[in-house]
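Colleague: Could you take one residue of this model and describe closely where it sits, and then say what the surrounding part of the chain takes part in?

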Amino acid sequence: MSLKGLRSVSLFTAAFAIGVFCAGCGGKHARAVNLVGSTSVQPFAEFLAEEYLTAHPTENVEVQGGGSTAGLQAVINGLADIGMCSRSLTEEESPKFTATVIARDGLAIVVNQSNSVTTLTTEQLRGLFSGAIRNWKEVGGHDGPVRPITREEGSGTRESFVHLVMAKERISKSALTQESNGAVKELVKGDSAAIGYMSLGLVGKELKAIRVDDVEASRENVLNHSYKLARPFLFVAQGPLRPDAQRFMDFVLSKEGQQALESEGLVRAQ
Amino acid sequence: MKQDKAIAFALMLIALSAVSGLALITVFIFKEGLPLILKSGAGGFFFSTDWDPKAKQFGIFSMIVGSLVVTAGAMIIGTVFGLGLAIVLTIFCPKALAAILKPLIELLAGIPSVVYGFIGVVTIVPFIRDYFGGPGLSVLATSIVLGVMVLPTVTSISIDALKSVPRSYWEGSIALGATEWQSTHMVMLKAARSGIVAAIILGMGRAVGETMAVIMVCGNTLEIPSTPLDPLRTLTSNIALEMGYATGEHREALFATAVTLFVIIMILNIAALTIARRGIMSNNR
C-alpha cells in the first residue's frame, strides 16, 4: 500500500477513533484541535504543537499530513479544524476559506555538491526543467546531461514552483518525479547531473542551493523579498475557529511561536 | 440433519459475502473510472502519452507500457532464479541443506515491500547510476527489485509442483539411461509444467500490482522507456503518487487507471490459466 493510501486510511481511522473517543466519554473532554494538510508544513506544525503543549499541558493538538489539497478537503468535510497549505490558494478556493499566513518559506533550487554551477536566472531554470536546456555546458557547467527532478502532481511545493518559475511552460515529461522533499534530497545528493527544488528550511549541508537571478537563497533574502522564489505557509479554516483552535492559532502568530518557526529554518510572516 | 443444513447455509452466506466484496470493488472501480474513459475515448486515454491533469489530458499509454515492461523484466529474473532454486532444492540438493534453504527463501515473502524499495534506492539505484549510467532509477532497477520480490512465490510453488511428480517418473528415466539433468529437464519439468506456469502467474500478479517499492525505484517519469536504463512510470505508481491530491476529473482518471490495471490483470490471468489448462490436458494424454 502506498504512503498516501496509508495517510488517507489513517485519516479516516483517526476521525473514527476521535468519534468513538468522544462518544465514550460523553463529551466531558473536548476533541483535539486537528490540523491536516501539506507535508511541507507538517514538521513545522508538529514542532509548534510540541512547544505549545509543553507550555499548556491541558490543551490537545494533533497534526497530520496528506497534502495541501487534502488538507483543504478535510476542512470542508469537518475532519480538520485547520488545514495546512504550502501554496497560495487558487482563485477558485480563496472565497471558500479564511487563510492566515503563519510563515513564508523559500523554494531552494538544489544541485549536487560536485556541480560547478552556482547561479542561474529564472529563465535558465525554466529551460532546465522544461527540457529546452539538456546539457549543463549551456549554463556554464560541466559537459553532461541535465536531470531535472520534480514533485508529484498536486504537491504544494510543485504548484509553487510551477507558479513562480515555469509560468506557461510545462515541466519536461522526462523529469524524474519523487513524492517527498526527502526523496528529492536523496536523489540530488547522489547524482551530479540532477537539479531539484525543495523547501529552503530542509536543504541542509549535503546539497548546494543555487543563487537565483544572482540572489542567494537565504532567509534574510526571503524576508526582504529580494529572493523571488518564496511561498506562504497558510493555516486555513472555514468560519470562526473553535476557542481552543483559536488559542493555538494565537500562539503560532505570537512572538514566541514565530521565533520557534524561525529557529526551524522558516521566515516569519511579517 | 437440521443443524448440518443451518451450518451449511451460514458458511454459504460467509463465502458469498467474501465474493460480493469483490463484486462491490469491481462495480465501484468501473463506476468511478468508466465515464472518463468514455469521455476521453480510447485514443485519448489508452493510446495517448500526454498525462497532464492540469490541462485535462489523461493519456496513460506510457504507464501501460511501463507496467508491462517491468513485469516482463521481473518475471525473467524471478523465473530464472526461482525455477533454478526450485530444481536445485528438490533434485540436486542434500536434504539437510534444503531444509534450511527453503524456509529462508519463504522468509523473503514476509519482508514488507517498502523495505525492498528502500534497499533498491540505497544500493541498486546508485550502483546502476555509477556503473551503467542514466539516473539509476530505471527499468533495470525496478525489474531487479520486483524479481527478488516474486522469487519466494515462484520458488515455493514450483517446489510443490516438482515434488508432486511421481517418484517413478524419475526412476524410470534414470533406468532408461538418461542422465540426471536429462531426467530433470525432459521428464520432471515437463510433468510439473502446469504447476510451474501457475507459480509464474501468481508471481506475475504480485509484480503487476506492486506499488510502494516501484514508486521508490522507477523514477515516475511520463515517457515511454526506450532502454533498460531509462526511468518509467507504472499504472500502480501513477495511482498512488497522485491519489492523495486528486479531485474531480483527475480523480476519475486515476480510477480509470485502476480499471485498466484490473483489465490487464484479468487478461494476463486468463491467458496464463488457459496455457496451464492446456498443459494439464496434454499431460493426461
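Modeller: S68(A) has its place in helix α3 of chain A, where helices (H or I, at least four residues) and strands (E, at least two) are DSSP runs numbered from the N terminus. This is a predicted model, in which local features need pLDDT of at least 70 and side-chain atom pairs count only at pLDDT 80 or more, while totals for chains, interfaces and linings use all residues. Residues are numbered from 1 along each chain as its sequence is written, and chains are lettered from A and ligands numbered from 1 in the order in which they are written.

S68(A) has 30 C-beta neighbours inside 10 Å and therefore counts as buried (20 or more other C-beta atoms within 10 Å; 12 or fewer is exposed, in between partly exposed, with C-beta atoms placed from the backbone). Apart from neighbours within four places in sequence, S68(A) is in contact with G37(A), S38(A), C85(A), S86(A), R87(A) and G156(A), contact being C-beta atoms, placed from the backbone, that lie within 7 Å. For S86(A), which is 18 residues away along the chain, the C-alpha atom lies 6.2 Å from that of S68(A).

Turning to the chain as a whole, 24 residues of chain A are in contact with 24 residues of chain B.

How values were computed:
Contact = placed C-beta atoms within 7 Å.
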